Amino acid sequence: MTLSAKPGSPTMTSASSRAGRRLPCLSPLQLLILLVCAVAIALIWLATLQRTTFERAQAVAAAMRSNASLAIAFEQQVTRTLKEAEQVAAFARLEYRREGSRMDLARWAQARVIRDDAFTILSIVDETGAIVTSTQGPSDVNYADRNFFTRQRTAREDVLYMGHPVLGRISHQWRVPMSLRISKPDGSFGGVVVLAIDPAHLITSYGGLPLGASDLLEIAGLDGILRSRLIGTHATFGLDPGKQPWNLRQATQPEGAFVDAGDSLDGVARIISYRTMRDYPLMITVGTSYAEVLRPARQRRTSYLLLAGGATAALLGFAALFIFLSMRQRMATEALEANEALFRTTFHQAAMGIARIAPDGRFLEVNEKLCRMLGYDAAELLEKTLFDLAAPSARDEARAFLKARLKAHFLGPPPEIEKPYRRRDGSELWVCEALSVVRDAAGMPDFLVAAVQDITARKDLEARLSHDALHDALTGLPNRVMFQDRCARALESARRHNGLAAVLYLDLDGFKEVNDSHGHAMGDILLQQVARRLEHCVRAESEDTVSRFGGDEFGIVLAGLDSIESGERIARTILEALALPFDLNGDIQVSISASIGAARHPEHGQDPDALVAHADAAMYAAKHSGKNRFSWKLLPNGPAVHSAAAAQS
């Protein structure tokens, strides 16, 4: 590879014109990639549609199984209710045969002989339809025209019959009558025992069925009359359900399950399961809202479609990106001669340092700007490697970075890193370095191009700004932000090692008088001298931190205390140091003191804010107690302990 082509040369012009005239066309590899992506997209959508269809069918089948189980459970509940009613009626019939008209069912009701509250009325009716006795007392009501009476009069079987819902002539409420035939000794009709039950009770008494707002539960007779129906919480009865699809199916299929559009009822599509009761001419129907059953499947269908759409977009994007990059690679290869000429032209005229570097790190060519930046002439720099410019401790890292760049096949702009170089005089030069790899036709690294920009001034400015953000401009002490961080670290260390840590909150006594008497400039000098004395009062080689909060307030973090007494000794040392006179300007001497509040971990708080608040309160307690002293802030039910500097206690 050469860098000898020049802008405007025949080589460059010819290559550029050839690249401009050639029309893009797809290679066999690009066509193969497009075909593979198309097949993959078709398979993704086919699998997605199959999955959604399968889950929809699975949800419907699961709902049918669940409804069938609920229908069986409800059938058992209704059967138990009817069996209980049949036992009550049989017992009443037996007693009537023994006692005749002397039987008093009203007394039964008072004595709670019948304890099931579902059976609201129990009556004995003679062969003429007149009431012989009833739990509701005497009545002149006649039941001869009732359906249950005429059926028992003509029937011969000794079974309980559940009649049609009727408006009660005694209760004046809708009831479902259940009757048992009374036969005379000669077998002729002798009347009926009739019980009445609330039609809604037949449905709502079963608490094991979780009905949704559109779910259905129904009991109907094989005679085509509805005994009770519950949709959500709304109960109906007495309607003719003969036209409902499940009633029509029952005639040829005693039990089954299907999806009903709901056109014959209320327009709500439901998954229906029905079954015919074994011992009674009744059928049980359970319906679940089709929309609610399919809601989870539809939500998953939306997710599947989004995933399929995303995968399709990704495959199309991959195919487009592959074709674009491969065509770009081909065009870049054809235009390489022209680019080399452009590189040669700009190499020595660039306003930043540029170097051509061998894969082993040797400098092959450098421009004048880089030489001036490093203080070497070109001949001296060409005898060195890129690693010689790094500090000895960073050379292994530089070798690893160069090795990684040689292995990387990155088509975009090279990544920029910020690193220090060492000048010829040993000083440090911070640079922003972009290292790109130039490869030969076989894809192997031929050389690297390093573009280097001097950022030393910016780094110095960043360091100053970082320092200023965490330090007080007047005293150079850490500010409140850095104080909070150091305090948090000290508390975390104390928690890990089950140790002690403390915060001192310090306020100068008499500082305002110095400001008023000698001016703010002298006050600033005093604050600076206070800061230096505080730094000398804390423990050497410890993690103690002295901070200025603002004005004449200072905070001190005492980390890793071995005892409470250690913190007290430091506080007394500070009081003694600040009590000594301050020489402000050669001929101005002032004396001040300090009030110090102290709070310790863990007794006074588990976080920096709590400790600072306690120490602040303790500082005010010390100030109100006469100043020039410190105070431990104890627990709320304990007094604060004050100590004067002179007392040493």
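This is a predicted model: local features need pLDDT of at least 70, side-chain atom pairs count only at pLDDT 80 or more; totals for chains, interfaces and linings use all residues.

Colleague: D544 forms a salt bridge with R539. How do you know that it is a salt bridge?

Modeller: The closest N and O atoms of D544 and R539 are 2.5 Å apart. The cut-off is 4 Å between a side-chain nitrogen of Lys or Arg and a carboxyl oxygen of Asp or Glu, so the pair qualifies.

Colleague: And why is R539 called partly exposed?

Modeller: R539 has a relative accessible area of 27%. Partly exposed is the range between buried, under 20%, and exposed, over 50%, so R539 belongs there.

Colleague: How many salt bridges are there in the whole structure?

Modeller: A search finds 31. One of them joins E218 and R229, with the closest N and O atoms 2.6 Å apart. E218 lies in strand 7 and R229 in strand 8, so the pair ties together parts that are 11 residues apart in sequence. E218 is buried, at 0% relative accessible area, and R229 is buried as well, at 4%.

Colleague: Which residues are linked in a network of salt bridges?

Modeller: Those are E418, R458, K459 and E462.

Colleague: Now helix 2, residues 28–99. How do you know that its span agrees with what a helix should have?

Modeller: At 1.5 Å a residue, the 72 residues of helix 2 should span 106 Å, and the C-alpha atoms at its ends are 106 Å apart, so the two values agree. After helix 2 comes G100, with a positive phi near 65 degrees.

Colleague: Why is L35 called exposed?

Modeller: L35 has a relative accessible area of 54%. Exposed means over 50%, so L35 passes. L35 also belongs to a nonpolar surface patch with L29, L32, V36, V39 and L43, and together these residues have about 570 Å² of accessible area.

Colleague: Is L491 buried or exposed?

Modeller: Buried, because its relative accessible area is 1% and the cut-off is under 20%. L491 lies in helix 13 and touches residues including A501, H601 and L611. Q606 is another residue that L491 touches; the two are 115 residues apart in sequence, yet 7.3 Å apart in space, C-alpha to C-alpha.

Colleague: What makes strand 20 mostly covered?

Modeller: Of its 9 residues, 8 are buried. Strand 20 pairs with strand 18 in the antiparallel sense over 7 bridges, and with strand 19, also antiparallel, over 5 bridges. Pairing needs at least two bridges, so strands 18 and 20 qualify with their 7. Within strand 20, V557 is the bridge partner of V503 and also stands opposite T545. The hairpin of strand 19 and strand 20 has 2 residues between the strands, and G551 takes a positive phi near 60 degrees there.

Terms used
Residues are numbered from 1 along each chain as its sequence is written. Side-chain values use heavy atoms; hydrogens and water are left out. Patches are made of residues with over 30% relative accessible area and no salt bridge: like charges are joined within 9 Å, nonpolar side chains (Val, Leu, Ile, Met, Phe, Trp, Tyr) within 5 Å. Accessible areas come from the Shrake-Rupley method with a 1.4 Å probe; for residues, only the protein chains shown count as cover. Helices (H or I, at least four residues) and strands (E, at least two) are DSSP runs, numbered from the N terminus. Buried means under 20% relative accessible area, exposed over 50%, partly exposed in between (1.4 Å probe, protein chains only). Contact means heavy atoms within 4.5 Å. The expected span of a helix is 1.5 Å times one less than its number of residues. Lists of a residue's contacts leave out its neighbours within four places in sequence.
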